[in-house]
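Please read the following report beside the sequence and the coordinates.

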Amino acid sequence: MRALPIAVVAAAAALTLAACDSGGSSSSDSDGGKKASAASSAAASTACKIDQIGIQVGPANAAPAAGDTGNVPVTLTNKGAECTLQGFPAVKVLDGGTGTDVPEEKSATPPKLTLAASGTASFTITYVRGTAGDGKSLAATTLKIGLPGAATTQSFKWSYGPLAGKTGPNDPNASVSSFQPAGD
């Protein structure tokens, strides 16, 4: 076996490192901004759209009597291409034309979820059942659900009794959790 002088090996290594470094630098300098911009545009365009999401409300752990707390789970199934969910769902309860938004759970920090095609996510509406006709409760009959940043909603029947208000029917004693991964 023939040994190469150390100077030859060192020179070859230096040339190899210099070639890798200059190739990486020019590539990242000229394309880096474009790649970052394209990546952020792609991320923004992949937000889940409500017309590509199947929504199932319940079965609920309904509050049986006034003053009791109930939970209404909501499952979302992606019927389109991979998309992302981040933040809180927009949830509103209505009694005919009168309605109120359900506030976000204060202690929750919403994760960013990637929802694969046919993937599922969920969130929970927690509420206190009110008393019909007491002036502080909303006799809710409709539930509207929307995705973050979108004006379009889907409507569902609210069959869990009146929704208690903290100070009145427009201040619901309820909250909505952030999106969570669901399924296996």
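The paragraphs below describe the chain as a whole, then its covalent link, a hairpin, some loop residues and the aromatic rings.

This is a predicted model, in which local features need pLDDT of at least 70 and side-chain atom pairs count only at pLDDT 80 or more, while totals for chains, interfaces and linings use all residues. Residues are numbered from 1 along each chain as its sequence is written, and side-chain values use heavy atoms, with hydrogens and water left out.

**Overall architecture**

The protein chain has one helix and 11 strands, where helices (H or I, at least four residues) and strands (E, at least two) are DSSP runs numbered from the N terminus. Read from the N terminus, the order of the elements is α-β-β-β-β-β-β-β-β-β-β-β. Of the 184 residues in the protein chain, 30% are buried; buried means under 20% relative accessible area, exposed over 50%, and partly exposed in between, with a 1.4 Å probe and protein chains only. The protein chain exposes about 10,500 Å², of which carbon and sulfur atoms supply 55%, the areas coming from the Shrake-Rupley method with a 1.4 Å probe and, for residues, with only the protein chains shown counting as cover. Among contacts (heavy atoms within 4.5 Å) between residues at least 6 apart in sequence, 75% join residues at least 24 apart.

**The disulfide**

A search of the whole structure finds one disulfide, defined as a pair of cysteine sulfur atoms within 2.5 Å. The disulfide joins Cys-48 to Cys-83, with an S to S distance of 2.0 Å, and it links distant parts of the chain, since Cys-48 lies in the loop between α1 (6-45) and β1 whereas Cys-83 belongs to strand β3 (residues 83-86), 35 residues apart. The link of Cys-48 and Cys-83 is right-handed, with 85 degrees about the S-S bond, and both Cys-48 and Cys-83 are buried.

**A hairpin and the loop residue beside it**

Strand β4 (residues 90-95) and strand β5 (residues 98-101) pair in the antiparallel sense over four bridges, pairing being assigned if DSSP finds at least two bridges between two strands. Within this pairing, Leu-94 has Gly-99 of β5 as its bridge partner. The two strands β4 and β5 form a hairpin with two residues between them, and Gly-96 in the turn has a positive phi of about 65 degrees.

Which residues does Ala-139 contact, leaving aside its neighbours within four places in sequence? They are Leu-94, Asp-95 and Pro-162. Ala-139 itself is placed in the loop between β7 and β8 (142-146) and is partly exposed, with a relative accessible area of 38%. The C-alpha atoms of Ala-139 and Asp-95 are separated by 5.6 Å, although the two residues are 44 residues apart along the chain.

**Backbone features in loops, and a strand residue**

A cis peptide bond joins Gly-58 and Pro-59, with omega at about 5 degrees, and Pro-59 is found in the loop between β1 (53-57) and β2 (69-78). Ser-118 has a positive phi of about 70 degrees although it is not a glycine; Ser-118 lies in the loop between β6 (112-115) and β7 (120-128) and is exposed, with a relative accessible area of 59%. Ser-175, in strand β10 (residues 174-176), is buried at a relative accessible area of 18%. Leaving aside neighbours within four places in sequence, the contacts of Ser-175 include Val-102, Pro-103, Thr-124 and Ile-125.

**Aromatic pairs**

A search of the whole structure finds four aromatic pairs. Rings of Phe, Tyr and Trp (its six-membered ring) pair if their centres lie within 6.5 Å, and planes under 30 degrees apart count as stacked, over 60 as edge-to-face and the rest as tilted. Two of these pairs are listed here.

| Pair | Centre to centre | Angle between planes | Class |
|---|---|---|---|
| Tyr-127 and Trp-158 | 5.1 Å | 75 degrees | edge-to-face |
| Trp-158 and Tyr-160 | 4.8 Å | 90 degrees | edge-to-face |

Ring pairs link Tyr-127, Trp-158 and Tyr-160 into a cluster. Tyr-127 is buried, with a relative accessible area of 0%, Trp-158 is buried at 4%, and Tyr-160 counts as buried at 11% relative accessibility.
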